[in-house]
Amino acid sequence: MAKLATWILLGTGLAFLGQKFVTFREKMNASREVVPVELQNCHLIEKLENGSEDIDILPSGLAFISTGLKYPGVPDFAPGETGKIFLIDLNEQVPRAQALKISGGFEEALFNPHGISTFIGKDGTVYLYVVNHPLLESTVEIFKFEEQQRSLTYLKTIKHELLKCVNDIVVVGPEQFYATRDRYFASFPLVLLEMFFDLHWTYVTFYSPSEVKLVAKGFGTANGITVSPDQRYIYVADIRDKKIYVMEKHENWDLTQLKVLQLETLVDNLIVDPTTGDIWAGCHPNLFKLMHYNPEDPPGSEVLRIQNVLADKPTVSTVYANNGSVLQGSSVAAVYNGKILIGTVFHRALYCVL
Ligand SMILES: *[C@@H]1O[C@H](CO)[C@@H](O)[C@H](O)[C@H]1NC(C)=O
Ligand SMILES: *[C@@H]1O[C@H](CO)[C@@H](O)[C@H](O)[C@H]1NC(C)=O
Ligand SMILES: *[C@@H]1O[C@H](CO)[C@@H](O)[C@H](O)[C@H]1NC(C)=O
Ligand SMILES: [Ca+2]
Ligand SMILES: [Ca+2]
């Protein structure tokens, strides 16, 4: 009898885990194959070969790009290389990427940049905020951009109990920003369990020198974050749930949920076109392929454009989709003056004329 009970328990347990695995694969869109959507006049950017996870473009057309991300659970084909910030001038006919020198005593050997966000001060000074993972911890680094010299000056590092496992940030004032936490557990096998059991333990933090607080929680995997051009709304991508949250931003920096867009692809970073207000999303059509990298069947890329996000029925269109033969693991797409720059977690970066 005891033996039978053991078998029944074991069987039930396995069936439960099997069911969880099926759900997990579905959430990752593990069996999805990409239907291509092509753009004209594209080329891969030289020197960007080892990731271009996040991009932010200044009104002048200068684009910052974070490269060389090392993060548990994502492929890394340049284990010896340290991360860098590259600059591209999108006004050039054939834009070239240039690594920015960093002065001011910054520890470059441990630089592992992830999400980025720019902020222009009242006097026109450009600041670049970078999520960094030195030794896989999370910090936010503030740099001043020296436009003449085309370099960065390191200003300070921010660390906080509520800034753990940070994926992306959006700066909304001098030293004031929102940041997403993309996982509850920092170590990889536990992250997998977190995904497997579909826990919703990640959140958005507001940071300022005088106050740090949780402003939105209950996300599966909070990832990209950005702000509307009028600064009234914060957009948050939940990559695992394939959702974009539109949050209303209040005087005291609290956020309340206004609406949720359910998409069919795993949304990574979000960029807002300052001229139209459209949201551009770098997406993973099949996250399973990204986590389970196979060069014969690589992860693909997908870029969505969301128009009129506040309307009853926003227009969602797929601007670019590729099965990985050109571009693998797209995480971001940013536009400037009829041009688009698509970045990836660990692969190359694609430039196209729209
Ligand atoms: C991808 O996931 C979405 C929802 O999570 C689902 O509606 C869609 O059918 C999936 N696509 C494929 C091809 O599996
Ligand atoms: C990318 O990483 C590989 C492996 O470390 C290295 O050989 C290559 O030079 C890197 N490319 C760039 C442009 O840094
Ligand atoms: C990807 O698509 C190209 C054509 O666009 C095709 O030649 C290639 O076999 C496809 N790769 C995979 C892994 O499906
Ligand atoms: Ca960002
Ligand atoms: Ca991201």
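**Figure 1. Pairing of His43 with Tyr351 between strands β1 and β25 of the predicted model.** In this predicted model, His43 has Tyr351 of strand β25 as its bridge partner. The two strands concerned, β1 and β25 (residues 350-353), are joined in the antiparallel sense by three bridges. They belong to an open sheet of four strands, in which the order is β1-β25-β24-β23 and the pairing is antiparallel. At the edges of this sheet lie β1 (42-44) and β23 (330-336), each of which pairs on one side only, and the twist from one strand to the next averages 20°.

Figure 2. In the model, His114 is part of strand β7, which spans residues 113-120. The residue counts as buried because 25 other C-beta atoms lie within 10 Å, where 20 or more are required.

Figure 3. The shell of ligand 3 consists of Pro36, Asp297, Asn323 and Ser325, and its division is one nonpolar, two polar and one charged residue.

Figure 4. Strand β19, formed by residues 266-272, is mostly covered, with seven of its seven residues buried. It runs antiparallel to strand β20 (residues 279-284), and five bridges join the two; within this pairing, Leu270 has Ala281 of β20 as its bridge partner. The hairpin of β19 and β20 has six residues between the strands, and in this hairpin Gly277 takes a positive phi near 80°.

Figure 5. Gly224 is located in strand β15, which covers residues 222-227. It is buried, because 28 other C-beta atoms lie within 10 Å. Setting aside neighbours within four places in sequence, Gly224 is in contact with Asp168 and Ala237, and also with the run of Val267, Asp268, Asn269 and Leu270. The C-alpha atoms of Gly224 and Leu327 are 20 Å apart in space, while the two residues are 103 residues apart in sequence.

**Figure 6. Val246 in strand β17.** Val246 is a residue of strand β17, which extends over residues 243-249. Because 19 C-beta neighbours lie inside 10 Å, Val246 counts as partly exposed, the threshold for a buried residue being 20 or more. Residues up to four places away in sequence not being counted, Val246 touches Tyr233 and Tyr235, as well as Leu258, Lys259 and Val309. Between the C-alpha atoms of Val246 and Ala30 there is a separation of 27 Å, the two residues being 216 residues apart along the chain.

Figure 7. Most residues other than glycine have a negative phi. Arg150, however, has a positive phi near 55° and is placed in the loop between β9 (139-146) and β10 (151-158). With 14 other C-beta atoms within 10 Å, Arg150 is partly exposed. Asp198 likewise has a positive phi near 55°, and it is found in the loop that lies between α2 (188-196) and β13 (202-207).

Terms used. Residues are numbered from 1 along each chain as its sequence is written. Chains are lettered from A and ligands numbered from 1 in the order in which they are written. This is a predicted model: local features need pLDDT of at least 70, side-chain atom pairs count only at pLDDT 80 or more; totals for chains, interfaces and linings use all residues. Two strands pair if DSSP finds at least two bridges between them. Axes are lines fitted to C-alpha atoms, for helices over the stretch in contact, and angles run from 0 to 180 degrees between N-to-C directions. A residue is buried if 20 or more other C-beta atoms lie within 10 Å of its own, exposed if 12 or fewer, and partly exposed in between; C-beta atoms are placed from the backbone. A residue is near a molecule or strand if its C-beta atom, placed from the backbone, lies within 6 Å of it. Ala, Val, Leu, Ile, Met, Phe, Trp, Tyr, Cys and Pro count as nonpolar, Asp, Glu, Lys and Arg as charged, and the others, Gly among them, as polar. Two residues are in contact if their C-beta atoms, placed from the backbone, lie within 7 Å.
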